[in-house]
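Welcome! Open the structure beside this page and work through the exercises below, one step at a time.

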Amino acid sequence: MSGVTVALVGGGRWGRTHASVLAQLSDRTARILWVSRHNKAALEAFLADLAGADDRFTVVDSLDVALALRPGAAIVATPAGNHAETAELLLRSGVPTLVEKPLALGVDEARRLVDLAAERGIPLLVGLHLMTAPFLLHFLRLSAGRAVSAIELEWLDPEQEIRHGVVKSSNLTTHKVDEIVPHLWSMLHLIDDTAEPKTRTVKPCAQGAVEVEVDMREARATLRFGRRAPARRRRIGLAFRDGGHAELDFTHEPGAIILDGVQQPSRETDGRIGPLAVELAGFLDIVRLGRDAWSSPRSASRCMGAVELAEAVRTQLVVAEAAAAAARLARGGSMRDPDISAWVIDNIAPLLDVQEPRTENERRELMGLILDAADMAGPTDHVEDDKLRRTMATIRRSDFCGHLNRGLSA
């Protein structure tokens, strides 16, 4: 069976991660059309050093150019705010599409995509690689059949770390909820897929971290996540109704398992085929072999709960973080307080029409710009700096600012 011509849309860090995996899947890909509007020279330099890339990759500067070359499949790895628009263009062009999480930033957008894919009979999948992560499925099989009473999930990242030899910084231009909650939903869904999680409480924590309580069908789940932790942390904890416990710490995959106090063997892995490679290979096989996309666990129609949970958490979190910032400011706090600045930056950066910072200097500049704009009072038309003026206008139009002002005036 011949390989597929794939349009890879997005030239940022996550696009490069996908390109690295696609380079390994030479048996499934005939050609990769890598779409990026801004950094063609940088991507070509990246490909020159990418093992397995050979001559299958072609960098193009627009989706229209890629569509003219008739790709058989597409992967959307653009900034999160562009996912829905890009996916719709691909579906209307008849291209089977995998959209990296989140599928969309709102439930209405996501439903429109699902309906469009169903109407046209085109596979639409969501990039939720934990749904088929072998180490996670192995962990859950060890306790299959035991009723779960409580769940704890932790997903914590430092602001910057080195992953696979590359410096990785958290992406300020994607809201932390849209970046992390789909992963948490994937794990909840694997633990119990009988009902969608319902949000009970959303609590802001130090340095922009978050604690969420949700109800499952028969269990309560506590979710903790953030992007300014001292160190990376990935953990699942399960309490069973029979009094037992299970824990998977997969900070370093495939992770360490403890079941009822006893260390268990982890699933063997050769370290080469990770969850993302399993995900992309599965998507390409659906396209190449004509497999049923609708029964896939990552079919968009089956993953609407990820968007619903993210929207519910984000809606409550904007209010809660604004209230927490207002209370701190009312007691004499400063916009430069580590917690207040985290709440402001996390809610405003995703609203700005800017690219993800590629260097630490660009990242610091963006954070400083947001805090400077948040600090300033008075009309924006008296501000000469164009970036500062636009940022001030964005802040003042934001829901976060509205809730913050109401909290300060209460």
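**Exercise 1.** Find the residues that L136 touches, leaving out those up to four places away in sequence.

*Solution.* Contact means heavy atoms within 4.5 Å. With that rule, L136 touches L130, M187, L190, I236 and L248, not counting residues up to four places away in sequence.

Before going on, a word on the model: it is predicted, so local features need pLDDT of at least 70 and side-chain atom pairs count only at pLDDT 80 or more, while totals for chains, interfaces and linings use all residues. Residues are numbered from 1 along each chain as its sequence is written, and side-chain values use heavy atoms, with hydrogens and water left out.

**Exercise 2.** Describe the largest nonpolar core, and then the other core that lies apart from it.

*Solution.* Start with the term: a nonpolar core is a set of buried Ala, Val, Leu, Ile, Met, Phe, Trp, Tyr and Cys residues joined through side-chain atoms within 4.5 Å. Buried means under 20% relative accessible area, exposed over 50%, and partly exposed in between (1.4 Å probe, protein chains only). The largest core has 72 residues, and L136 is among those with the most contacts inside it, together with L103, I151, F225, I236 and L238. Next, look at helix α7 (residues 176-191), which gives this core its largest share, eight residues. Helices (H or I, at least four residues) and strands (E, at least two) are DSSP runs, numbered from the N terminus.

**Exercise 3.** Classify the aromatic pair W34 and F46, and say what it ties together.

*Solution.* Rings of Phe, Tyr and Trp (its six-membered ring) pair if their centres lie within 6.5 Å; planes under 30 degrees apart count as stacked, over 60 as edge-to-face and the rest as tilted. A search of the whole structure finds four such pairs. For W34 and F46, the centres are 5.9 Å apart and the planes stand at 70 degrees, so the pair is edge-to-face. W34 belongs to strand β2 (residues 29-35) and F46 to helix α2 (residues 40-48), so the pair ties together parts twelve residues apart in sequence. W34 is buried, at 0% relative accessible area, whereas F46 is partly exposed, at 23%.
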